[in-house]
Amino acid sequence: MIVAVASGKGGTGKTTVAASLSWVWKRPVFAVDLDVEEPNLHLFLKPRFTGRRTATLEVPLADEARCSHCGACAELCQFKAITVLGTVRLTFPEMCHGCGGCLAVCPEGALAPGRRELGEVLWGRVRGEIGLCMGQLRVGEALSPPLMRAVIAQARELALRDGADLVIDAPPGTSCPAIQAVSPADLIVLVTEPTPFGFHDFRLAHEAFLPLGKPMAVVVNRADLGEEDIHGYCRRLNLPVLAEIPHDRRIARAYAQGTVVAAELPERKDLFDRLATEILGHGDVPRPLPEVPSHA
Amino acid sequence: MREILVISGKGGTGKTSLTAAFAHLAREAVLCDLDVDAPDLHLLLSPQIETREDFIAGHEAVIDPRRCTGCGECLARCRFAAVVSDRSGFRIDPLQCEGCKVCVRFCPEGAIDFPERRSGEWFRSRTRFGSLIHARLLPGAENSGRLVALLREKARELARSAGRRLILSDGAPGIGCPVISSLSGTDAAVVVTEPTPSGLHDLERVLALCRHFRVPAGVVVNKADLAPETTRSLKAECRENGAAWLGEIDYDERFLAAMTRRMAITEFCDDGPAIAVRRIWDGVSNMVSRPVRAC
């Protein structure tokens, strides 16, 4: 099973939930950090890293001698990564999305596949029993989805060996990186908080993920904070609320000290045990209603 | 004209609450919400929308089933797993399509159309603190970086025509495409962080990004009293990275109370957190060479 922990707004507790969930998971599990821009899961699970590789993107490498400056590549490129002005051809590899179009269209064979470094894929183990796989985007690199795809592929390969489930920690937001992170999931768990920002972004995320047609469920963090009616909203849209985490200074402290809440606070472990059980029984989770709610 | 951008690396550290307070204190700035993925600034500024326009970003591939012969050329060429083949034939998954045109170019039947893609809407609005340029990306849409670039262009146009000397922008979390698009060429970045392992780790990366784009950065630690030891580490990291130390704000329930009432913290109260925020705004004003008058 693949479960993705996501949210629209950042800082609602995705990493806290993903770390504790991996910790109490009753079957072999790989924790996968797909927030490659700002990966944090390893700071809490503290794995011993056992492998790493550099992920790259194919970008065009020009052979000046063979180029006839016909402009076919520039005409096709949708990302302004290659232009031809008279007899000058310029490539901007940092703009390239790696579609391979220019290489395929060049009649002179004047473009060869080059490489742009996207970042690193790293993996390791926690306590010997929990696997961890993460990506770290190179600072200055704009495209995170290709690196995320490399991390997912690596995690699937590693997890396949011991038939492990995947718990994905997704990046915040509602656009392409967030969609990319939840796309492989069997169940999306949305972590939210009942504050105006939390509720607003939760609805944006819910709306963004609806077209994927995947079952979704909700964890309300800092549940006694704020006044937004998340429960009413979830009831109307047939979204099950699987757990409520109270606003508790001890949880905040456990997080601030870089520990896993389920490991550090025995009195909170039950909550994550129940959440894990609920998630594993996700076959009972009703499909979200296709209705798209309007919002302010 | 000066541009100030509020970013954080890690999400949920208080960017938007701080931006709203800066908007209150700056007076007469052009405001801009560049967190197009999950915009929240409008929740505090209650904007009256004056103009709205579609945001068109590139194109998307659409297979015409009547012309498609099912040869599979598009499937073989697509690097983004956007071509789906099932019993009903071939089609493009719009959520995966990158808009690269490769399938359109190589389809032997010319069966793939390439219409413009409407990815969202952008607005020019009036608020009690001045004009606001903001947007709404369609759920799951791509090209948030291009939308950010468009909003910045519109904010600059507006500032020029209205004779405003400052553009104040709320940024996105992370260090990827929308953040890079909002950061390049800005005059100062205010980085809001928190004293947690995540905050510490993410600050290092976002300050490295500011250095990469040669943007002067200043650091604010929110909820500083929750872990004074880590706050000291953040201060050291700030110094090591050549960033300006703008100050710290202690944890205060009044931030949530102000948010719930759709107010900036400096409107909501005059003491406690408002004093810290005013002091930080003075520091931000000093960062941009022509000082901006605070109220």
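Arg67(B) is partly exposed, at 34% relative accessible area. Here buried means under 20% relative accessible area, exposed means over 50%, and partly exposed lies in between (1.4 Å probe, protein chains only). The side chain of Arg67(B) meets that of Asp113(B) in a salt bridge, 2.9 Å from N to O. Arg67(B) sits in the loop between strand 4 (62-63) and helix 3 (73-77) of chain B, and Asp113(B) in strand 7 (residues 112-113), so the pair ties together parts that are 46 residues apart in sequence. Asp113(B) is also partly exposed, with 34% relative accessibility.

This is a predicted model: local features need pLDDT of at least 70, side-chain atom pairs count only at pLDDT 80 or more, and totals for chains, interfaces and linings use all residues. Side-chain values use heavy atoms, with hydrogens and water left out, residues are numbered from 1 along each chain as its sequence is written, and chains are lettered from A and ligands numbered from 1 in the order in which they are written.

**Salt bridges**

A salt bridge is a side-chain nitrogen of Lys or Arg within 4 Å of a carboxyl oxygen of Asp or Glu. Over all chains, the whole structure holds 34 of them.

| Asp273(A) | Lys269(A) | 3.0 Å |

Asp273(A) and Lys269(A) are 4 residues apart in helix 11 (residues 266-280) of chain A, which means about one helical turn separates them. Helices (H or I, at least four residues) and strands (E, at least two) are DSSP runs, numbered from the N terminus. Asp273(A) is buried at 17%. Lys269(A) is partly exposed at 33%. In chain B, Arg254(B) is partly exposed at 27%. A network of salt bridges links Asp248(A), Arg250(A), Glu267(A) and Arg268(A).

**Strand 1 of chain A**

How many residues of strand 1 (residues 2-6) of chain A are buried? The count is 5 of the 5, so the strand is largely enclosed by the rest of the structure. Ile2(A), Ala4(A) and Ala6(A) cover one side, with Val3(A) and Val5(A) on the other.

Two strands pair if DSSP finds at least two bridges between them. Strand 1 runs parallel to strand 8 (residues 165-169) of chain A, joined by 4 bridges. There, Ala4(A) has Ile168(A) as its bridge partner. Strand 1 also pairs with strand 9 (residues 187-192) of chain A, in the parallel sense, over 4 bridges. Val3(A) stands opposite Leu187(A) in strand 9.

**Domains of chain B**

Chain B is assigned domain 1 (2-56 + 120-287) and domain 2 (61-114). These bounds come from an automatic or database domain assignment. The C-alpha centres of the two domains lie 40 Å apart.
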